[in-house]
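Hi there,

I am passing this structure on to you, with some notes on what turned up in it. Have a look at it first, and then read on.

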Amino acid sequence: MQCHNGHTLCSTCKTRVHNRCPTCRQELGDIRCLALEKIAESLELPCRYSSLGCPEIFPYYSKLKHEAICNFRPYNCPYAGSDCSVVGDIPYLVAHLRDDHRVDMHSGCTFNHRYVKSNPVEVENATWMLTVFHCFGQYFCLHFEAFQLGMAPVYMAFLRFMGDEREARTYSYSLEIGGNGRRQIWEGSPRSIRDSHKKVRDSHDGLIVYRNMALFFSGGDRKELKLRVTGRIWKEQQNPEGGVCIPNLCS
């Protein structure tokens, strides 16, 4: 945009100066500076995430569209217990989860967790810190928590991949929850941490067990929660001969 005296500024800044030219204080109006717009269109600029590894260079307007979906853009902290504003690459977030949130860190692609809550109030409001697993050279976040599904109290377990969506789809995982001679099984692909914890939970993309069933799994007088959650993670590999995916299991 430009004022009547030819001073220019972008449309975003125009709203910040309340439609007054910051140079001569004249009213800006709605005069576009077409010459500068043409120059902006001809510029090629590096992605703002070039310092994080993105090698791409784009015309100005394409650059903005690319940056919204750039695979090198920082990730949000995947911790679900608080509204954490930390962003960064995966190594930085792993260190942040370990040092600042004190999450449990495990190596290996199989897990066997036991969740016990004996206080009735804790049974109703049970939430657990996430657990991070390291396998295949990657990191995965296991969530297990309580929330309301409609009017029904439920527990849900799901896995998120610390990386982008495309790579997340190359992995699969299974979860089994049970006790008292009963079990419930889920199998699927982990979601990327690009999808927020709330988005994954609200899409019900994981193992869901109703509280009354969980208490039945726990046995006893149905007032104490004693659940065992087991699972494994594997990587789907392409068979070069038949073109089908075969599981690559981690020892």
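The protein chain has 8 helices and 15 strands, which are DSSP runs numbered from the N terminus (helices: H or I, at least four residues; strands: E, at least two). This is a predicted model, where local features need pLDDT of at least 70, side-chain atom pairs count only at pLDDT 80 or more, and totals for chains, interfaces and linings use all residues. Residues are numbered from 1 along each chain as its sequence is written, and side-chain values use heavy atoms, with hydrogens and water left out.

Of the 251 residues in the protein chain, 39% are buried (under 20% relative accessible area; exposed is over 50%, partly exposed in between; 1.4 Å probe, protein chains only).

L36, I39, L43, Y60, Y61 and L64 form a nonpolar patch of about 540 Å². Such patches take residues with over 30% relative accessible area and no salt bridge, joining nonpolar side chains (Val, Leu, Ile, Met, Phe, Trp, Tyr) within 5 Å; a salt bridge is a side-chain nitrogen of Lys or Arg within 4 Å of a carboxyl oxygen of Asp or Glu. Areas come from the Shrake-Rupley method with a 1.4 Å probe, and for residues only the protein chains shown count as cover. Helix 2 (34-42) and helix 3 (60-69) each supply at least two of the patch residues, and helix 3 gives the most, with 3.

What about I39: where does this residue sit? I39 belongs to helix 2, and it counts as partly exposed because its relative accessibility is 47%.

Enjoy exploring!

Technical notes
Patches are made of residues with over 30% relative accessible area and no salt bridge: like charges are joined within 9 Å, nonpolar side chains (Val, Leu, Ile, Met, Phe, Trp, Tyr) within 5 Å.
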